[in-house]
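Hi,

Here is the structure I said I would pass on. Have a look at it first, and my notes follow below.

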Amino acid sequence: MATTRETIALTHEGALKMLAAAAARASEMEVPQCIVMVDASGEMIASLRMDGAKYLSMQTARSKARTAASINNATGAMAPEFALQAGIATGGGVTGLMGGLPIRFGGKLAGGIGIGSGKGEEDVEVARAALAS
């Protein structure tokens with residue numbers, strides 16, 4: 001039985017690069033967004049609320065990032081009844097809303113990104129732009 005495992009971490013330079021790419025795409029779309037990145041344990045490593053983004057969307061963006069990191073998958077595909085129960089059980093820490101994607105390098109989970117303040121499809125598009133950077 002193994003007693004260790006390899007992990008991967010996103011550097012602050014990498015997080016800033018992704019943050020800039022997400023903000024640039026949101027600006028192109030003319031949809032101001034809240035952008036949150038977390039490490040694999042769900043701790044925030046970078047965030048931005050663009051001018052004009054809904055301030056409460058910082059909370060949903062963080063929940064999307066943490067959920068994506070926790071489940072190592074995109075948010076938005078949970079059964080509605082499960083998403084509601086998980087959200088209540090975690091005090092809003094888990095969400096079924098679209099806009100959260102895992103951050104992976106070489107197939108290894110490094111964290112999650114959550115985007116909020118637009119429509120679900122817009123949030124996903126901005127998150128994908130960040131990951132593509």
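Predicted model: local features only at pLDDT ≥ 70, side-chain atom pairs only at ≥ 80, totals over all residues.

Next, the lysine I kept coming back to. K64 sits in helix α2, residues 57-71. Is K64 buried or exposed? It is buried, because its relative accessible area is 4%, under the 20% cut-off. So what does its side chain find in there? One polar atom of the K64 side chain lies 2.8 Å from the backbone oxygen of M98. There is also a salt bridge between the side chains of K64 and D123, at 2.9 Å from N to O. That pair ties together distant parts of the chain, with K64 in α2 and D123 in α4, 59 residues apart. D123 is buried too, like K64. Beyond four places in sequence, the residues K64 touches include T75, T95, L97, G99, I113 and I115.

I113 leads on to the nonpolar packing. The largest nonpolar core has 21 residues, and I35, M37, I103 and I113 touch the most other members. At least two residues each come from α1 (12-29), β1 (34-39), β3 (100-105), β4 (108-116) and α4 (120-132). The biggest contributor is α1, with 7 residues. There is a second, separate core of 7 residues, and C34, V36, A61 and A69 are among them. Leaving out neighbours within four places in sequence, I113 is in contact with residues including I35, V36, M37, K64, A65, I103, A127 and L131.

Last, the other charged pairs. The whole structure has 4 salt bridges. In one of them, R25 meets E28 at 2.9 Å, N to O; both are in α1, 3 residues apart, about one turn of the helix. R25 also forms a salt bridge with E125, where the closest N and O atoms are 2.2 Å apart. This second pair links distant parts of the chain, since E125 is in α4 and R25 in α1, 100 residues apart. Through shared partners, R25, E28 and E125 join into one network. As for accessibility, R25 is partly exposed at 24%, E125 is partly exposed at 34%, and E28 is exposed at 58%.

Cheers

Key:
Residues numbered from 1 in each chain as written. Heavy atoms only, no water. Helix = DSSP H or I, 4+ residues; strand = E, 2+ residues; numbered from the N terminus. Buried < 20%, exposed > 50% of the residue type's maximum accessible area, 1.4 Å probe, protein only. Polar contact = N/O pair within 3.5 Å; in protein donor to acceptor, adjacent residues only side chain to side chain. Contact = heavy atoms within 4.5 Å. Core = buried A, V, L, I, M, F, W, Y, C linked by side-chain atoms within 4.5 Å.
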